[in-house]
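Work through the exercises below with the sequence and the 3D view open. Try each task before reading its solution.

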Amino acid sequence: MSHNLKNITLKIWRQDGPQAKGNFETHVIDEITDEASFLEMLDILNDKLVHDGKEAVVFDHDCREGICGTCSLMIDGQAHGPQRGTATCQLHMRQFQDNATITIEPWRASAFPLIKDLMVDRSAFDRVIESGGYITAETGGAPDANLIPIPKPIADAAMDSAECIGCGACVAACPNGAANLFTAAKVAHLNRLPQGQAERYSRVENMVETMDEHFGSCTNHGECEAACPKEISIDVIALMHKDYRKAKFANRKDLARK
Amino acid sequence: MSLTDQLLAQNTVKLDSKIPAGPMADKWNSYKDNMKLVNPNNKRKFKVIVVGTGLAGASAAATLAELGYQVDAFTFHDSARRAHSIAAQGGINGAKNYKGDGDSIHRLFYDTVKGGDFRAREANVHRLAENSVDIIDQMVAQGVPFAREYGGLLDNRSFGGAQVSRTFYARGQTGQQLLLGAYQQFSRQVGLGGIRLFNRTELIDVVVIDGHASGIVVRDLVTGELQSHAAHAVVLATGGYGNAFFLSTNAMACNVTAAWRAHRKGALFANPCYTQIHPTCIPQSDDSQSKLTLMSESLRNDGRVWVPTNPNETRPAHEVPENERDYYLERLYPSFGNLAPRDISSRAAKRAVDKGLGVGPKKNGVYLDFADAINRLGREVVEERYGNLFEMYERIAGENPYEQPMRIYPASHYTMGGLWVDYELMTNIPGLYAAGEANFSDHGANRLGASALMQGLSDGYFVLPYTIGNYLAPMLNKAIPGTDHPAFKAAEEEARIRFNGYLASGGTKSPDYFHRELGKIIWDYCGMERTEEGLKKALSDLPALYDEFKTDLRVTGNGESMNQTLEKAGRVDDFFQLGMLMCKDALDRQESCGGHFRAEYQTEEGEALRDDENYCHVSAWQWGGDPMKPNLNVEKLEFEEVHLATRSYK
Amino acid sequence: MAQVVTSQRGPVTGTATRSKKRRPFLIDLYSTAVGKKYVMGATGIMMMGFVVFHMIGNLKMYLGAVHLNEYAHFLENLLVPIAPEGVVLWILRGGLITALALHLHAAFSLTQLNRKARPVKYQSARDYQIANFASRTMRLSGLVVLAFIIWHLLDLTFGVVNTATGAMTTVGAHGEEPVKNVYDAVVFSFQRTPVALFYVFANVLLGVHLFHGAWSIFQSFGWNNPRFNKWRRGFATGFAAIVVIGNVSFPIAVMAGIVG
């Protein structure tokens, strides 16, 4: 049964723009049903702020079903908050207690420049995909879908890593601001499939090197896996590291042939 | 003379559907054989704007860029991977007949026309069914990890309203995997320079010069800056308008603005009253709720829907004895039972709740009970089939569906109506195209499960790249107006005035407040069941609330930086105008068909009663300067292949 | 507090069209963070090999001065007479010094990269879920171990801070030829309580460093197999434990008077 939470103190990061100085602003929610989602609590706060003539807190969100990857937020020091395998938009207030103080910060990484308040720009992820996170199959030339059978375990493993929603929690949670989990999830998805073999080594080389231009490095803390709303395993990182190593040798041979 | 013919005679806009001649099965091939082509070296001389990067937009932009056109793609999201196509769970239909169960292009075509309650354009639907086969090939080549059987071949399942297994799926995340496939193909073109991507940029107006779509005015959401972009053709792939209901399964940012602004510039808006209600959503739990979450329809394969017979029932579900439960779907529709089509089971749930038999703290849902399935199959089998859905339910509702039945209730999910387009997906404004959910063409009055993904990809991959070439070919070496043309300047100025107006309105209520109130009116009177009386009430309440919106709106912040309140104000403004049109259209269509159910027009058993004599037409509305005074134009629907018949799922 | 420069607004296109700079293979490999991690891993393996053999060799202490001094003499005379005395040992030392230098350089440049990746820290406390003491203190434990190595070399290899180092003895020698009295030098060193305590402290941190490092190697090189993955953590724990127990036993044995 639902009940009402009382006296929730929110410490929210407010910052007018990329260059502005930011600070925590404190707001108190006197009472809220524990059926409300975390973002609905922010909606209520924003409605009140607008009503009081103040500017609403800016934060990214869209589908609110945990699949589009738009929502973010560092909640009490954890990317996407305290519930494992759950994006912020699916976090509900029943995870919190009466009289709680909740601290909300934007995700911090140089690759994710802050736009305003809690909103950051995650375009660097798109740059990584643009550099190789695809299978080249221009429209129209595809062979019959059942031409190449894919063993079920391979298809399932590819799907496990393809579930990545591109939210950036891995980067936010990583003490080094590394994007290895994001990049490796895509590498593992495509490099496992027969369709992805033609570009296997150019893909991993290009993606890793583009990742390198934007993000920090992996030191195997495992925080990314814990923060990932889709619980993607860091095993994919090992797979990417293996393929990158192989790629460096394979691509070197190809270059020599040119 | 039928009403359709009378209205046809009064049309103020010539609605030429441009359906190619010849037998149904040859129309699309004959179109492709006869269309005009642009020489590969000349394609780079044309610029095409694609607004929206969902399935339709991303696939169209990628394919056009691959062909060599210059493409400018716009999304209001931070990335092209976020569009709400991503949330589709169930699957995508493809008439592959991999199961050898007698499926064919014709059967998919037939099912879609029938499922749409005979209000779709046959030729478009047939093309959709033809393309469905190529879509599966294309997406597999793209690396979409569809579910496989142990032999390594693709798995299929059957889906609502179909008697064959033709639905391809990727766990409960088919939409995500398809969108990511299209997004990756799109991103490749961004990387190669074929597409220029504008993110966090929202369409504010469509610019029409000399009767041709010549470009768009957009607002950079980060800086608030208004910019004009000119092109030879403009594609709107901007999704549906389900958020007019405020509470829907759509994403928070889904809106009608792009289609509506095109409508105000002369594009006709067709069948706005055709909205689909999905029967299995989690009921609203509190007044602050911002959206509803859909639970995949596949749950109805093993769950049994029931309500207690006593309106004052207070016992927990498992303590209610069998003889005090009403398994109303099984009782009313013995042959389809819990698998009755979406519109039918939605209305049955509404009737139960309206009778006071609803369950849950707010008495606003019905039970979807898995106790029998767990007894019959064992908990493990149920967990394997629905584990992730049960988890999601528990996360949202805070109840364990293994122990107590789920509570479900219908919610707005998809909109079949949209911008009127011809066979080439071009609106009545030359050079302006609408694709995916933004157009009206393929689903008639009701969409079948697993068909939305199919339509978005068909439009983007396999229709627009051909039809746009046919339009552009004669325009070779003709200059397009620059963005300094007075029409662009005027549109920019109008937008500036509009947005400054929101900021200056100085009232007391937030855009969200108005959206919520607006949504309540539309849901109550233009939702699952509509009546003449209710629609008239809505049409008097809406303008009053709209007036209040204009005077009592408060938007804080400024127009020079990210301001989500301001964005919302513009979207709600357009929803108001659309809401009035939805009610007008629903009032005007004096029949029941598919998602449009008028209580006055039903059979004795309470099923939708069509009026093929007078309403076998598309209602395409023209902007009349005042949202309450649109002009009706009609396109008569002819059925050559599928004979008009009453749908029966008994 | 600005979170780095704002991203440029405006269209994005042609992001993957830059041609790659061609560089010598090894430099190219080392230029990326993943490449540097390979170097961290490879040099780590070399030093792990050294650490474990060093520990095993030193266990000779428990057999008595003769055995230990003889072992030290053996190392000095590796491959003699093919190579002159001490040369092979110095080649091995050269390899280890190079490995250490590369390990340090890679660690330093990765640290720089990681600092740059998050110039503005979180302003509220982080609540780490998986990251452990070992993984969070690699830099610190590494620096302590580095300081220890320097001290240890000055102490027992070069004798700068140990008057007993380098003294000769005939105990344990082949025939009458005197050999270095390593045994006494060790005993002398560990009879100084602060030295012994520092030795213990540094070796515990070495264990912490190895606990994360030995596991990380598998990730960095991508040695990943679902069947064996669960053993990786066990290997790292076991390896670290053996090295620490072996090494720490020496000063304790000296202080307890078991050896001496």
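**Exercise 1. A strand pair in chain B**

Which residue in β15(B) does V366(B) stand opposite?

Solution. The model is a predicted one.
Step 1: V366(B) faces I408(B) in β15(B).
Step 2: β14 of chain B covers residues 366-369 and β15 of chain B covers residues 406-415; the two run antiparallel and are joined by 3 bridges.
Step 3: The open sheet has 5 strands in the order β11-β15-β14-β12-β13 (chain B), and the pairing is antiparallel.
Step 4: The edge strands are β11 (275-281) and β13 (325-326) of chain B; each has a single partner strand, so one side of each has no neighbour in the sheet.

**Exercise 2. Two domains of chain A**

Describe how domain 1 of chain A meets domain 2 of chain A.

Solution. 
Step 1: The domain assignment of chain A sets domain 1 at 4-115 and domain 2 at 123-255. Their centres, taken over C-alpha atoms, are 30 Å apart.
Step 2: Domain 1 of chain A brings 17 residues to the contact, and domain 2 of chain A brings 18 residues.
Step 3: Between them the two domains of chain A bury about 1,300 Å², with 65% of it on carbon and sulfur atoms. On the side of domain 1, the residues that lose the most area are G85(A), A111(A) and F112(A), together 32% of what that side buries.
Step 4: Between domain 1 and domain 2 of chain A the count of salt bridges is 0. The side of domain 1 that touches domain 2 divides into 10 nonpolar, 6 polar and 1 charged residues.

**Exercise 3. Chain A against chain C**

Describe the interface of chain A and chain C, starting with its area.

Solution. 
Step 1: Chain A and chain C bury about 4,900 Å² between them, and 49% of it lies on carbon and sulfur atoms. R108(A), N220(A) and H221(A) supply 13% of the area that chain A buries here, more than any other three residues.
Step 2: The contact involves 62 residues of chain A and 56 residues of chain C.
Step 3: The interface holds 4 salt bridges and 36 residue pairs in polar contact, both residues at pLDDT 80 or more.
Step 4: On the side of chain A, α8(A) gives the most, with 11 residues. The residues of that side divide into 27 nonpolar, 17 polar and 18 charged.
Step 5: D235(A) forms a salt bridge with R232(C), their closest N and O atoms being 3.8 Å apart.

Terms used. Residues are numbered from 1 along each chain as its sequence is written. Chains are lettered from A and ligands numbered from 1 in the order in which they are written. This is a predicted model: local features need pLDDT of at least 70, side-chain atom pairs count only at pLDDT 80 or more; totals for chains, interfaces and linings use all residues. Side-chain values use heavy atoms; hydrogens and water are left out. Contact means heavy atoms within 4.5 Å. Buried area is the accessible area (1.4 Å probe) that two parts lose on being put together, summed over both. A salt bridge is a side-chain nitrogen of Lys or Arg within 4 Å of a carboxyl oxygen of Asp or Glu. A polar contact is a pair of N or O atoms within 3.5 Å; within protein, one must be able to donate a hydrogen and the other to accept it, and residues adjacent in sequence count only if both atoms are side-chain atoms. Helices (H or I, at least four residues) and strands (E, at least two) are DSSP runs, numbered from the N terminus. Ala, Val, Leu, Ile, Met, Phe, Trp, Tyr, Cys and Pro count as nonpolar, Asp, Glu, Lys and Arg as charged, and the others, Gly among them, as polar. Two strands pair if DSSP finds at least two bridges between them. Domain bounds come from an automatic or database domain assignment.
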